[in-house]
Amino acid sequence: CLGGLAFTSFLVLMVSGVLLLFYYSPSPERAHSSIQFLEDGVWGGQYLRSLHRLSSHALLILIALHTLRVVLTGAFLRPRRFNWLVGCALLGLAVAGAYTGYLLPMDQLAFWATQTGMELLRALPLGDGLRALLVPDQVGGPLSLLRFYALHVVVLPLAMLVLSMLHFFVI
């Protein structure tokens, strides 16, 4: 049931993320203060943010365990190879979703972790181009924060939802 539990975590992430959208302001000047207001001034806001963060951790752990089970049982071999590739894409999208969400609070930990990740990206082939696409100004700048926000809120969740439906359909 690891795949089903991972999908349940994804659904919790989507619902809690939609609720967080009511309070988050994706601008470098207001992002951190909107998080502070959510945690201190909104009834249940701290719980909601914690639920979102813990669901993200659960999703990554459950997908990793599901992947390990698939590898150990040999379920990635033919005739399930296509579904294995879809699952690997889902794992990559989940990691990307967690990474893009990490910058959004705009605190010191988020800034320096994202800065480190962007420097590590340069070591990959085509990493400089990908870094320039994600961070056109600087880490935490208006454009980079907006791009991380759009990826985290719209692009990656929709891609994960489509691939999850494909993954379940193939099963």
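Reader: Why does Phe37 count as partly exposed?

Author: Phe37 has 45% relative accessibility, and the label covers what lies between buried (under 20% relative accessible area) and exposed (over 50%), using a 1.4 Å probe and protein chains only. So Phe37 counts as partly exposed. Bear in mind that this is a predicted model, where local features need pLDDT of at least 70, side-chain atom pairs count only at pLDDT 80 or more, and totals for chains, interfaces and linings use all residues. Residues are numbered from 1 along each chain as its sequence is written, and side-chain values use heavy atoms, leaving out hydrogens and water.

Reader: What makes Tyr23 and Phe37 an aromatic pair, and what is the pair called?

Author: Their rings sit 6.1 Å centre to centre, and Phe, Tyr and Trp rings (for Trp, the six-membered one) pair if their centres lie within 6.5 Å. The planes are 50° apart; under 30 degrees counts as stacked, over 60 as edge-to-face and the rest as tilted, so this pair is tilted.

Reader: How do you know whether H3 runs roughly parallel or antiparallel to H4?

Author: The axes of H3 (residues 45-73) and H4 (residues 81-103) cross at roughly 155°. Under 35 degrees is roughly parallel, over 145 roughly antiparallel, 65 to 115 roughly perpendicular and the rest oblique. Therefore H3 is roughly antiparallel to H4.

Reader: Which residues of H3 make the contact with H4?

Author: Ser56, Leu59, Leu60, Ile63, Thr67, Val70 and Val71, where contact means heavy atoms within 4.5 Å.

Notes. Axes are lines fitted to C-alpha atoms, for helices over the stretch in contact, and angles run from 0 to 180 degrees between N-to-C directions. Helices (H or I, at least four residues) and strands (E, at least two) are DSSP runs, numbered from the N terminus.
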